[in-house]
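I am opening a notebook on a structure that is new to me. The entries below follow the order in which I looked things up.

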Amino acid sequence: MRVAVAKYPVGEPVNFQAFADKQSRLLQEAKARGADVAVLPEYLALELAAGLAPDVRGDLRRSLAALQPLHADWCEAFAELARRLGLHIVAGSFLIESGPERYRNRSYWFSPDGASAYQEKLQLTGFEKASGVIEAGDALRVFGFGGRRAAIAVCYDSEFPLPVRTQVEAGARLLLVPSCTDTEAGATRVRVGCLARALENRCFVAQSVTAGALDWSPALDANTGEATIYAPMDRGFPDDGILAQTRGDQTWAVAELDFDALAASRAQAQVANDRDWSGQLAPSLQRALYEALD
C-alpha cells in the first residue's frame with residue numbers, strides 16, 4: 001500500500017470551484033506517484049474563507065458560520081475525486097456545525113467505491129478552547145479498507161496514547177494524522193507524538209501539514225512542520241523512524257507501507273512496546289510510593 005501525505009500550500013481560492021480545482025490538481029499529483037491513500041491537513045476547509053468578505057474571513061465565528069452552506073459541496077467534491085482517481089482521500093478537516101454556534105473539527109475519509117466516514121477531533125488545543133465555539137468529538141472510530149484497518153487522530157489527538165491504543169487494539173495498523181501547527185514547538189509536539197505512537201503500537205503513522213501563511217486567517221496565519229510518514233524505530237525500519245518526509249517546497253511525501261513486514265518484525269524486534277504495554281498496567285504500578293530523602 002502506497003500512502004501520500006501533503007505539505008499543503010495554503011492559498012486564497014476566490015470561490016469553491018477554484019478550491020475544488022486545486023484539490024483535483026494536487027490529488028492527481030499524489031495519484032501519479034502511485035498513492036492508494038492521500039492525506040490532506042487539518043483546517044483545510046478554512047482556506048475557503050478566502051472568498052468571504054474581509055470582515056467575515058478574519059473573524060473565526062463569522063467565517064465558520066459562513067462556510068456551513070459549502071459542506072455538501074465539500075463532501076460531493078471529495079467523493080467525486082475519490083471515485084474518479086481511484087484514491088482513498090482523507091480530506092483534512094471541516095469544522096461542521098453541531099449546534100447553535102458550536103462546531104466540531106471533523107476529518108472525512110472518502111473511498112473510491114463511494115463510501116465515506118469520519119473521525120472528529122477529541123482533544124482541544126488552547127486556541128480551540130479559547131474560540132468559545134469549537135467542541136470536542138465523543139466517538140473513536142477505526143476504518144476497514146483493502147483488507148486493512150486504519151484510524152485517524154486529528155493533530156493534537158496524536159499526542160494522547162490511550163485513544164490511539166484503543167484504535168490499535170481494534171485492529172488499526174495505520175494512523176492518519178491531519179495536522180496544522182503555527183509554531184516550531186507545535187510542530188515538534190505533533191512529530192514527537194507521531195513517533196511515540198509508531199513506537200509503542202508498532203504501527204505506521206502518516207502526518208500531513210499546512211504550509212505558508214494567510215495573515216487574515218485566525219487559524220492559518222502561520223504554518224509549520226513537514227509532512228512525514230513514520231514507522232517503528234526497530235529492525236527492518238529506519239533508525240529515525242522516518243520512511244518519507246517533505247523538504248522545502250515539496251508538496252507530497254510518499255512511502256510504500258509493507259504491513260506483512262510490520263507484522264513479521266515482532267519476531268525480531270529489539271523492543272516490544274506493543275506486546276509489553278500491559279506491563280505498565282500492573283496494580284502495583286498504579287500508585288507511586290513516596291519516600292522522603294531529607
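Entry 1. Is Y43 buried or exposed? I note before answering that this is a predicted model. I looked up the accessibility and found Y43 buried, with a relative accessible area of 5%. I placed Y43 in the loop between β2 (37-40) and α2 (54-57). I then read its backbone and found a positive phi of about 65°, although Y43 is not a glycine. For background I wrote down that most residues other than glycine have a negative phi.

Entry 2. I looked at R202 for its backbone as well. R202 has a positive phi of about 50° and is not a glycine either. I found R202 in the loop between α7 and β11 (204-211). R202 counts as buried, because its relative accessibility is 3% and the cut-off for buried is under 20%.

Entry 3. P54 lies in helix α2. Is P54 buried or exposed? P54 counts as exposed, at 62% relative accessibility. I also checked P54 against S217: the two are 163 residues apart in sequence, yet their C-alpha atoms are 9.9 Å apart in space.

Entry 4. I turned to the nonpolar cores. The largest has 49 residues, and L27, L40, W74, F78, I89 and W252 are those with the most contacts inside it. Which helix gives the most to this core? I found that helix α4 (residues 71-85) does, with seven residues. I listed the contacts of W74, setting aside neighbours within four places in sequence: F16, F19, L44, A45, L48, A91, S93, F94 and Y108. Another core, of 40 residues, lies apart from the largest one, and V168, L176, A253 and L257 are among its members. As a general note, nonpolar side chains tend to be buried together in soluble globular proteins.

Entry 5. I stayed with α4 and looked up C75, which lies in that helix. C75 is buried, with a relative accessible area of 18%. Beyond its neighbours within four places in sequence, C75 is in contact with Y108 and F110. I checked C75 against A91 too, and found them 16 residues apart in sequence and 9.1 Å apart from C-alpha to C-alpha.

Entry 6. I compared the axes of α4 and helix α1 (residues 16-32). They come within 11 Å and cross at roughly 25°. That makes α1 roughly parallel to α4, and the crossing is right-handed. On the α1 side I listed F16, F19, Q23, S24, L27, Q28 and K31, which meet D73, W74, A77, F78, L81, R84 and L85 of α4. I sorted the residues of this contact by class and got eight nonpolar, three polar and three charged.

Entry 7. Which residues make the contact? I found P161, V164, R165 and V168 on α6, and R197, E200 and N201 on α7. By class, this contact has three nonpolar, one polar and three charged residues. I had already met V168 as a member of the core of 40 residues.

Technical notes: Residues numbered from 1 in each chain as written. Predicted model: local features only at pLDDT ≥ 70, side-chain atom pairs only at ≥ 80, totals over all residues. Heavy atoms only, no water. Contact = heavy atoms within 4.5 Å. Helix = DSSP H or I, 4+ residues; strand = E, 2+ residues; numbered from the N terminus. Nonpolar A, V, L, I, M, F, W, Y, C, P; charged D, E, K, R; others polar. Core = buried A, V, L, I, M, F, W, Y, C linked by side-chain atoms within 4.5 Å. Buried < 20%, exposed > 50% of the residue type's maximum accessible area, 1.4 Å probe, protein only. Axes fitted to C-alpha atoms, helices over the stretch in contact; angles between N-to-C directions. Parallel < 35°, antiparallel > 145°, perpendicular 65-115°, else oblique. Left-handed = near helix turned anticlockwise from the far one by under 90°.
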